[in-house]
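Subject: Handover of a structure

Dear colleague,

Please find below the structure that I am handing over to you. I would be grateful if you would look at it first and then read the notes that follow.

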Amino acid sequence: MMKDNKSVIGVLDLQGGVHEHLDHLDRLGIPYRRVKEKKDFEDLAGLIIPGGESSCLCRLMNIFGIKEVLLANYNRGLKIWGTCAGTVLLAKKVIGEENCLGLMDIEVERNSFGSQLDSFMSDALIKAVDPEPIPLTFIRAPKIIKVGEKVNVLLKIDDYIAAAESEDILVTVFHPELTASLAFHRYFAIKCGLKLAVQKRGYIDPVWENYSWTRMARVA
Amino acid sequence: MSDPAMIAEIKKAVSIPVMAKARIGHFVEAQLLEALRIDYIDESEVLTPADEECHIDKRKFNIPFVCGARNLGEAVRRIAEGAAMIRTKGEAGTGNVVEAVRHMRTMNREIRQLAQMPIEEVTGFAKTNGIPYELALKIKELGRLPVVNFAAGGLATPADAALMMQLGCDGVFVGSGIFKSSNPQLRARAIVKATAYFNDPQKVLEASMGLGDAMPGIEIAQIPPEQILAGRGW
């Protein structure tokens, strides 16, 4: 198998929390790109589907033909990471609804914890991703209820799964891009074939702040 | 605040986030809406203010608030009170985007001034505009508000939505512009498409075709000054 020299990670830019992911990639020194059209998929090593509103993202992907382009690129080897809504879009089964991309053998329940007020922060140790505990942010999050045989569980909490991966896809129901931790972005980049330095300590960026996303959304 | 039974029904009927309005300063309406466990509260000048001196102390609540503003001073005062999101006030219910444009341009002009001035001038700017000093410094450092800023108040067409996005908004709210048009479902879909691809005139153009009539627009100058909604709250 020829080694690809693709090194750009794209973030699907139709709706949702795009700036936050771009900022994390930037902090890791990874070349990034907003993905809105077919041509934006060229030479992409990986695609992040951000958190947002899964029903809206699915509709927009269908209306603008992005779904077909995404599936074609996936079949050519594009790696994908879905956060929160992204997890819902990638799932083969979504309780009570049609699926959207249906690329990953998982079963998901939307809004599993309740509404905005049921959002919460916690942390967990996911050794494969970071030697130190990682902060987790759950916002109107879904739960992964079941995973298929070829899917590896990265984080199980109580009776649900919060992070999982297959050979080509990573899913997290929480939002690493809303925390100071760069660990998951690093983990995904490595999954996409990029080379990144190893750190002995964890991957928390001490200068990240709640409004670091504004760097990517300057107006003035 | 609308009939809470109706809000509860709406929450049951949809799987997407629900936002409801509370009167300016009416912290008990906010408590009730939080108890209903909807997702956000809009402390809105569209409703008759309950308090003409004070807005709600939003930091007391867990639920996020969105507040309207006409200029940077108003926006930052609301953020100081705990608003999680800002929107332009525009002039709701008029189908006339001119006021939303005015408010967005004003806020951005003031942010640019603040971002570029020498730091000694920030004190005077903060005083003149009624902005808490530390927040003025933060906004100067960021070059924008530390929260999202949406367009609202008078948007009626896909082109209006794209206009506000190109002026620098993070998103748009559309109310009467959809529900008072001749085909609300078509128009809502079109505005979402135009917002997603606001920088692509071809896509905004396609979204604008065949929508039927927009809601009738109202000239701002024809509204008696005391009835202008944007004047409520400060």
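The largest cavity is lined by the following residues of chain B: I24(B), E43(B), E45(B), H55(B), C67(B), G68(B), E74(B), R78(B), K89(B), R232(B) and G233(B). On a 1 Å grid over the protein atoms alone, a cavity is a set of points where a 1.4 Å probe fits but cannot get out, and lining residues have an atom within 4 Å of a point. Helices (H or I, at least four residues) and strands (E, at least two) are DSSP runs, numbered from the N terminus.

This is a predicted model, in which local features need pLDDT of at least 70 and side-chain atom pairs count only at pLDDT 80 or more, while totals for chains, interfaces and linings use all residues. Residues are numbered from 1 along each chain as its sequence is written, chains are lettered from A and ligands numbered from 1 in the order in which they are written, and side-chain values use heavy atoms, with hydrogens and water left out.

The lining of the largest cavity consists of two nonpolar, three polar and six charged residues. Here Ala, Val, Leu, Ile, Met, Phe, Trp, Tyr, Cys and Pro count as nonpolar, Asp, Glu, Lys and Arg as charged, and the others, Gly among them, as polar. The volume of this cavity is about 50 Å³, a volume being the space filled by probe spheres set on the points, which are joined across faces, edges and corners.

The structure holds two cavities of 30 Å³ or more.

I turn now to the interface. In chain A, 26 residues are in contact (heavy atoms within 4.5 Å) with 32 residues of chain B. Three salt bridges are found across this interface (a side-chain nitrogen of Lys or Arg within 4 Å of a carboxyl oxygen of Asp or Glu). In one salt bridge, the side chains of E37(A) and K203(B) meet at 3.5 Å, N to O. Helix α2 (residues 54-63) of chain A supplies five residues, the largest share of the side of chain A that touches chain B. That side comprises 12 nonpolar, five polar and nine charged residues.

Note on methods: 1 Å grid on protein atoms, 1.4 Å probe; cavity = no way out; pocket = protein on both sides within 12 Å on 5 of 7 lines; lining within 4 Å.
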